[in-house]
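Hello,

I am handing this structure over to you. Please open it alongside this message; my notes follow below.

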Amino acid sequence: MNTVLRKLQSLAVILCLALAAPLSMPAFAVQPDEMLDDPVLENRARELSKGLRCVVCQNESIDESNADLARELRLVVRERLVAGDSDSEVLDYLVERYGEFVLLKPRTDGWNLVLWLSGPALFLLALGIGLVYVRGRATAAAPTEAGLSADEEARLKEILKDS
Amino acid sequence: MVTELGHFALILAFLVAIVQSVVPLVGAQKRWPGWMAVAEPAATVQFLLTGFAFAALTYAFVTSDFSLRLVWLNSHSAKPMLYKISGVWGNHEGSMLLWVLILTLFGAMAAWFGKGLPPTLRARVLAVQSAVAVAFFAFILFTSNPFLRLAVPPFDGQDLNPLLQDPGLAFHPPFLYLGYVGLSICFSFAVAALIEGRVDAAWGRWVRPWTLAAWVFLTIGIALGSWWAYYELGWGGFWFWDPVENASFMPWLLAAALLHSAIVVEKREALKSWTILLAILAFGFSLIGTFIVRSGLLTSVHAFANDPERGVFILMIMVFFTGGALTLYAFRASAMEAKGVFSVASRESALVANNVLLAVSCFVVFVGTLWPVVAEMFFDTKLSVGPPFFNMAFTPFMVVLGLLLPLGSMLSWKRAKLDRTLRQLVPAFILSVLVMGLFWTMQTGNSLLGPVGMFLGAWIVSGALIDLMNRTGQSRDLSRLLRLPRADWGKATAHIGLGVTMVGIAGLMAWQEEDIRVAQIGEPFQVGVFELELTAVNQVRGPNYFSTMGDVTVRRDGNEIAVLNPEKRNYPVAQMPTTEAAIDYRFLRDIYVVIGDEQADGGWVMRTYIKPLANWIWAGSILMALGGVLSLTDRRYRVAAGARRQAAPQGVPAE
């Protein structure tokens, strides 16, 4: 079998269960020759590219990746900005070409609402359950220190009566 | 020969594990002491056999026995000794062997330190632990055998990924596994308690040290990985919200919740069924993590070829143990009746709040990690969930947690006076507001993150110090501090550590400065308050790599403060380049320099970062781990056997 594949297999597995960090090539992400002269535009470009996924990489933004495609995307972002696009227009432009996959921050519409709202919803639910539980504990009867249940108490009385 | 013996030992351990997972369980059910007594020696034998198998594999790596397929794939004769050894777990098969070794180690430790447990509970804990081991032994032997030979041994190996040839990463996986697998003991205790049908204060006391230990190891393991990413990957990122990172972070969050809720079980015999559920879920998430990483279900930056067959096997293990335990839980949980009574304003309620926040934040990470799969399966859309989502959805819970922490940790048990505790915290609040104001006015830009992080850090740290001072009583006799139980010191240290980490994360994310340019040799340039000069670039030869090394002088106000040597390495055998950033570590900020490619005009691409408070992230993690260790050495665990006798009569049968 081809050795490249086998090597890939053997490579990163140290991290497998583990975490750590991207097993990518060293990052020479943004190159000096890409950068715009206008610092305001360049700043916007950097912020935008932090939220855009390098579609051929594993899980990196185009700001971090040194893949060729990431470089192309960085240049596209800058071109659009220079052409006068707003931030959201740049994003729409890229989504049109590469799909929603390119956005690292999922949109807040349609089914994605489930993603965005499930956390807060569960929090409210858990808070409610927690409050009910805590209030229940506050009003619950203290356990009898003697450790006798009502049944046992009755049984004890019975025994005492018998004797 | 040694290899074959190792292989044989592994098979024997598998057989012992099968016996240990059945015989004691039957013995405990039928009350046959002889059958129950099998568990303890079996656990020891299982550990020794697995240890021998692991030693045999290590021997093959150390002696570079390339007739072993695994050694040939992951080692090279010219590799430094440290990485020959760490290469043992630098691959799928070897890391699974390490996983099982730790699993059996914990089983054996439960047998050795569990002398004070009631015999039936002890037999059941060891049997459940061994059942988990059976599954993983089978996984190794049938799908991922590390002892396979090659028919024709090659002359030399293919080397380990150079990114992994690093001291920080050599010890990152063992610590993580100790954490992941440590949670298996909590799982075994939970399942055994469900079979027994009773949970009491003593149970909480037994489970807590194991949880603490697992949490400490996870903390160290995650911190090591994050630190490695910071200095190795070349742009100083420390956390990427990658699926594989999340896989280790979710058990960490749940373990943190579990070690807090176990306190309530121990002190008040409340939150019992919730604590059992947490113990099951915490290990369940460790298994989910294993599944996510080894199945290739999610695209992760931890790229390695996955084998669907292995993925399915682990999925089955996960479904069997988590599903089985949860089913058992559904039948038995109602029997876990809460006993203790406490008012709404009390430490117990604060710990409930802690659990709500930690569990929900874990859920957010879980949903975010799996959402791409859900979206693709059900809505037919390919989408990504990246750092921007997690930063927005996860951070608020941590902020609330940080705000509540000093208050909650100072409330009295059972019935607290809220206004009294709030009054005690007024100085801490004033200090924190001042700190926040100071940073708000100092910073450029309007980032809220930095000042809020500073506020939380100051609030948590000063709150923990006030808590300690309160313990000296009216007299303010500082010598009393030394006589406080270690658990109190552990609590303060771990909480301070959390505050320090929050300060580091907020500072680094809010105020990092970056400079990217083509630097000419001998032409100084300014980054922030520092002046940098690339004075030379040399070609250097390392043991198994070639390096392009820059000499960078850093000056401040004309005085030289550091000479940094950023490198670009090339490993010829693995044919992979790496960057070695040069970092000037300082208390308040790091200077982080990376050298890139040579340009046509003779200049070199250089990236310089000023990273404020970066070290605080890991200093805080060390403090958290240290706090855990302090708690672990508390007297009540060391004399746990005696304490159990006092606690035992309070337990009532749950049925």
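**What was found**

The UniProt annotation "transmembrane region", from an unreviewed entry, covers residues 113-134 of chain A. UniProt positions are given in the numbering used here, feature names are shortened, and annotations may be inferred rather than shown by experiment. The end C-alpha atoms of that span lie 31 Å apart, and the span is 100% helix and 0% strand.

A word on conventions. Residues are numbered from 1 along each chain as its sequence is written, and chains are lettered from A and ligands numbered from 1 in the order in which they are written. This is a predicted model: local features need pLDDT of at least 70, side-chain atom pairs count only at pLDDT 80 or more, and totals for chains, interfaces and linings use all residues.

Now chain B. There are 23 helices and ten strands in it. Helices (H or I, at least four residues) and strands (E, at least two) are DSSP runs, numbered from the N terminus. The domain assignment gives chain B domain 1 (1-160), domain 2 (416-512) and domain 3 (513-614). Such bounds come from an automatic or database assignment. The C-alpha centres of domain 1 and domain 2 of chain B lie 45 Å apart.

Overall size next. The C-alpha trace of chain B spans about 85 × 75 × 55 Å along its principal axes. Of the 655 residues of chain B, 56% count as buried (20 or more other C-beta atoms within 10 Å of a residue's own; exposed means 12 or fewer, partly exposed in between; C-beta atoms are placed from the backbone).

Then the inside. The largest nonpolar core has 210 residues (a core is a set of buried Ala, Val, Leu, Ile, Met, Phe, Trp, Tyr and Cys residues joined through C-beta atoms within 7 Å). C186(B), L254(B), A255(B), A279(B) and A282(B) have the most contacts inside it. Helix α10 (residues 201-232) of chain B gives the most to this core, with 21 residues. A second, separate core of 18 residues includes A519(B), L532(B), I583(B) and I591(B).

What does A255(B) contact, leaving aside its neighbours within four places in sequence? The partners are L183(B), T211(B), A214(B), W215(B), L218(B) and A282(B). Contact means that C-beta atoms, placed from the backbone, lie within 7 Å.

Last, one residue in a loop. L478(B) lies between α18 (449-470) and α19 (479-482) of chain B. Is L478(B) buried or exposed? L478(B) is exposed, because 10 other C-beta atoms lie within 10 Å.

Best wishes

Definitions and conventions. Two residues are in contact if their C-beta atoms, placed from the backbone, lie within 7 Å.
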